[in-house]
Amino acid sequence: MQIFSSLCEAPVPTSVALGCFDGLHTGHRSVLEEALESGRDGLSPAVFTFGLRENAMTVVKPVPELMSSRLRERLLEQMGFSLLWRVDFNAVRNILPEDFVRDVLCTRLHAKKICCGYNYRFGFGGKGDAALLQKLGEECGAEVVVLPPVLQQGSPVSSSRIRAAVMEGRAEEASALLGRPFTIDFPVVHGRQLGRLLGTPTINQPFPSGFVLPKFGVYASFAEVDGKRLHAVTNVGIKPTVGAGGPLAETYIAGFTGDLYGKSVPVSLLKFLRPEQKFDSLELLKQQILSDASRSAEILRDFGV
């Protein structure tokens with residue numbers, strides 16, 4: 001997949017999906033899948049978006065991110081997109097809606113089909129909406145498709161709903177809204193290696209500033225290593241028994257002994273098991289890790305992992 005960080009010209013005619021796409025949830029996927037449909041008609045499927053925390057609604061007060069740019073790009077490529085514009089919002093924030101459609105989408109991106117959600121906003125001050133996009137796009141000879149909301153439990157799927165579910169430990173609800181488990185893929189850093197001494201080695205992945213923080217506690221999880229899903233159990237928090245410098249995910253991958261330092265390991269949270277807890281000894285901590293891992297393995301079997 002070709003990735004552009006500026007408003008450079010598309011090499012071919014495109015079918016473009018517009019949106020922030022933080023989380024790539026089921027609502028986003030309806031827009032993305034519509035854009036992919038035109039790939040069968042000779043148009044190159046493309047995505048036009050901003051940095052995860054740079055869009056018209058969040059540039060003043062950024063909202064917590066739901067996924068890393070790295071994971072988002074990997075999933076978009078897996079879906080079948082060949083072109084991605086991920087531009088600095090400041091490069092387009094002062095462009096009038098009419099100029100954005102004519103000069104950016106139709107002229108530079110060679111968009112012949114434009115897809116967006118029902119609540120998409122664009123142009124200076126977010127003054128452009130889906131109805132205006134439809135009018136302006138068609139004036140430029142582009143087909144514009146506006147997708148209706150995807151509903152779950154009677155309400156539209158949204159990134160804000162998913163953030164709330166993650167922050168409150170409702171991992172199963174977050175998975176349902178996302179259409180896949182909530183996943184982190186932060187680099188693995190060196191810890192105190194107490195887990196290795198206990199016979200329960202873990203990987204430590206600090207949460208970067210600005211990323212959504214799941215409810216502190218222990219989760220049934222799985223880790224992806226070399227393309228394989230491995231049973232795991234993850235503690236999110238500050239490791240009260242031994243201490244941590246800040247919020248992190250500490251994951252015990254059952255039976256795994258390899259070196260993952262420096263790698264960005266995807267870890268998916270499936271179910272909240274219990275709150276974070278301080279133990280009186282490292283031996284009690286070890287026993288609880290093994291107990292949590294056993295419980296997690298049973299849950300993962302129910303999830304088909």
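A search of the whole structure, which is a predicted model, finds zero disulfides, a disulfide being a pair of cysteine sulfur atoms within 2.5 Å. C116 is in no disulfide, and the nearest cysteine sulfur, that of C115, lies 8.0 Å away. The relative accessible area of C116 is 0%, so this residue is buried (under 20% relative accessible area; exposed means over 50%, and partly exposed in between, with a 1.4 Å probe and protein chains only). C140 is likewise in no disulfide, with the sulfur of C106 as the nearest cysteine sulfur at 3.5 Å. C140 is partly exposed, at a relative accessible area of 36%.

Residues are numbered from 1 along each chain as its sequence is written, and side-chain values use heavy atoms, with hydrogens and water left out. In this predicted model, local features need pLDDT of at least 70 and side-chain atom pairs count only at pLDDT 80 or more, whereas totals for chains, interfaces and linings use all residues.

Aromatic pairs were searched for next. A pair of aromatic rings is described by the distance of the centres and the angle of the planes. Eleven aromatic pairs are found in the whole structure; rings of Phe, Tyr and Trp (its six-membered ring) pair if their centres lie within 6.5 Å, and planes under 30 degrees apart count as stacked, over 60 as edge-to-face and the rest as tilted. F182 and F211 form a tilted pair, 6.4 Å centre to centre with 45° between the planes. F182 lies in strand β9 (residues 182-184) and F211 in the loop between β10 (202-206) and β11 (217-225), so the pair ties together parts that are 29 residues apart in sequence. Strands (E, at least two residues) and helices (H or I, at least four) are DSSP runs, numbered from the N terminus. F182 is buried at 4% relative accessibility, and F211 is buried at 7%. F211 also pairs edge-to-face with F186, at 4.9 Å centre to centre and 90° between the planes. F186 belongs to the loop between β9 and α7 (194-198), 25 residues from F211, and both residues are buried. Elsewhere, one aromatic cluster is formed by F48, F50, F89, F100, Y120 and F122.

Helix packing was also examined. Helix α3 (residues 97-108) and helix α4 (residues 130-139) pack at an angle of about 45°, with their axes 10 Å apart. Axes are lines fitted to C-alpha atoms, for helices over the stretch in contact, and angles run from 0 to 180 degrees between N-to-C directions.
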